[in-house]
Amino acid sequence: MVSMILRFVFPVYNISMRTVFWEDNQLKMIDQRILPGRFEVIAYKDHKSVARDITDMVVRGAPAIGAAAAFGLALAGYESAAKTSAELMNDLRSASVTLKAARPTAVNLAWAIDRILNKTSDLNSLDGADSLRQIVLDEAQRIADEDVEINKRMAEHGAALINDGDTVIHHCNTGALATVDWGTALGVIHTAHEQGKNIHVLVDETRPRLQGARLTAWELEQYGIPYEIISDNTAGYFLKAGKVQKCFVGSDRTAANGDVANKIGTYMLALAAHDNGVPFYPVVPTSTVDLALSHGDLIPIEERDPSEVLGLEFMGERVAPENAKARNIAFDVTPNRLVTGIVTENGVVYPPFDVNLKKAVLGE
Ligand code: MRU
């Protein structure tokens, strides 16, 4: 099927809708590449376009790309001309390979696809292709709905860690945009703000794609939460000066021992927080915990195109010399010894993480 992309332009900036949603038999996603300058929603009718735009970061943030991939699989079901459920399963499996390859680090992507495939493999011999298509879509919708509910639960647990008057550092974007709605670490900050606590947020700008300066600042603006953007290398200054009470970050994949993979720069932030005795809390839905990996060195780390680093401009001119080379590592791993506690929807998990994280994931 030919890829179909429709653009809807909303003249008023707002985030009163979900980041990823199903409407009129299409997947719709807010285009996060162009925020905050423009607010546009793209509509998708085929899974290959979804996979391409996960890679291109129209949608980003671990839970959001999990939901996008789930709806992408639903689209693959409707694209397929299969007449039997067995034929359709073959097409779904081949689409799942394409979708899973879109980005490697966030485990939510594979988790969402596998959850749907596990569900369908139980049922495919009983019903026809059409009911299988509906089952895939229903499960994708459930994944999206659960994400919002889980984020709100995590936010309640995390907000209890924030005191009135706290200044917190936040890295990357973990808000409504990084999830289906509400967010993980930024959801915690948002909930604490709604509880009436005065909070000040220092927003790491998050080179090279500037998710902090562009997306987190844009969200905080709408929530009315006071913030200042800092360059990533400024965090250590404020931590050492005693101006920061807590750090909150998200995670793309957390290993069974509590090692946390997150946006590049998180490790340096955790080191500086630890050196200055400032609590460091990753906010991690259990869908982001990969119990199959015993420690963080096993987490696949995405390396993106160097042009994202080299394309930076200053005073309207490209910064790097024309022939410059660059490395663009998208994530790093913070070892569990630097982590104070991991906020999950089942409560805040404290060391020893190799024992307690598993209990939280399995709901024990
Ligand atoms: O490369 P991105 O923008 O997808 O990276 C996002 C992050 O690193 C987030 O912190 C992470 O996905 C968790 S937020 C819900």
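Buried means under 20% relative accessible area, exposed over 50%, and partly exposed in between, with a 1.4 Å probe and protein chains only. By that rule Asn25 is exposed, because its relative accessibility is 59%.

The structure is a predicted model, in which local features need pLDDT of at least 70 and side-chain atom pairs count only at pLDDT 80 or more, while totals for chains, interfaces and linings use all residues. Residues are numbered from 1 along each chain as its sequence is written, and side-chain values use heavy atoms, with hydrogens and water left out.

**Overall form**

The chain has eleven helices and 17 strands. These elements are DSSP runs numbered from the N terminus, with helices (H or I) of at least four residues and strands (E) of at least two. Along the principal axes, the C-alpha atoms fill a box of roughly 65 × 55 × 40 Å.

Of the 364 residues, 56% are buried. The chain exposes about 15100 Å², and carbon and sulfur atoms supply 53% of that area. Accessible areas come from the Shrake-Rupley method with a 1.4 Å probe, and for residues only the protein chains shown count as cover.

Contact means heavy atoms within 4.5 Å. Among contacts between residues at least 6 apart in sequence, 76% join residues at least 24 apart.

The chain carries 35 positive and 47 negative charges, and their mean positions are 2 Å apart. Lys and Arg count as positive and Asp and Glu as negative, with His and the chain ends not counted. The place of a charge is NZ of Lys, CZ of Arg, CG of Asp or CD of Glu.

**Domains**

The domain assignment gives domain 1 (5-151) and domain 2 (154-362); such bounds come from an automatic or database domain assignment. The C-alpha centres of domain 1 and domain 2 lie 25 Å apart. In contact across the two are 34 residues of domain 1 and 37 residues of domain 2.

**Backbone features**

One joins Arg207 and Pro208, with omega about 0°; Pro208 is in the loop between strand E6 (200-204) and helix H7 (211-223). Another joins Pro351 and Pro352, also with omega about 0°. Pro352 is in the loop between strand E17 (347-349) and helix H11 (353-361).

Positive phi values occur at Asn25, about 60°, and at Met57, near 70°; neither residue is a glycine. Asn25 lies in the loop between strand E2 (20-23) and strand E3 (26-30). Met57 is in the loop between helix H1 (47-55) and helix H2 (62-79), and counts as buried because its relative accessibility is 3%.

**Individual residues**

| Residue | Relative accessible area | Class |
|---|---|---|
| Ser16 | 69% | exposed |
| Leu75 | 2% | buried |
| Gly175 | 0% | buried |
| Thr184 | 6% | buried |

Ser16 lies in the loop between strand E1 (5-9) and E2. Ser16 and Gln222 are 206 residues apart in sequence and 10.0 Å apart in space, C-alpha to C-alpha.

Leu75 lies in helix H2. Not counting residues up to four places away in sequence, Leu75 touches Trp22, Asn25, Leu27, Tyr44, Lys45, Asp46, His47 and Val50. The list thus includes Asn25, the exposed residue of the opening paragraph.

Gly175 is in the loop between E5 and H6. Leaving aside neighbours within four places in sequence, Gly175 is in contact with Trp182, Gly183, Leu186 and Glu219. Gly175 and Glu345, 170 residues apart along the chain, have C-alpha atoms separated by 16 Å.

Thr184 lies in the loop between strand E5 (167-170) and helix H6 (185-194). With neighbours within four places in sequence left out, the contacts of Thr184 are Pro63, Asn151, Met154, Thr174, Thr179, Gly250, Val283 and Pro285.
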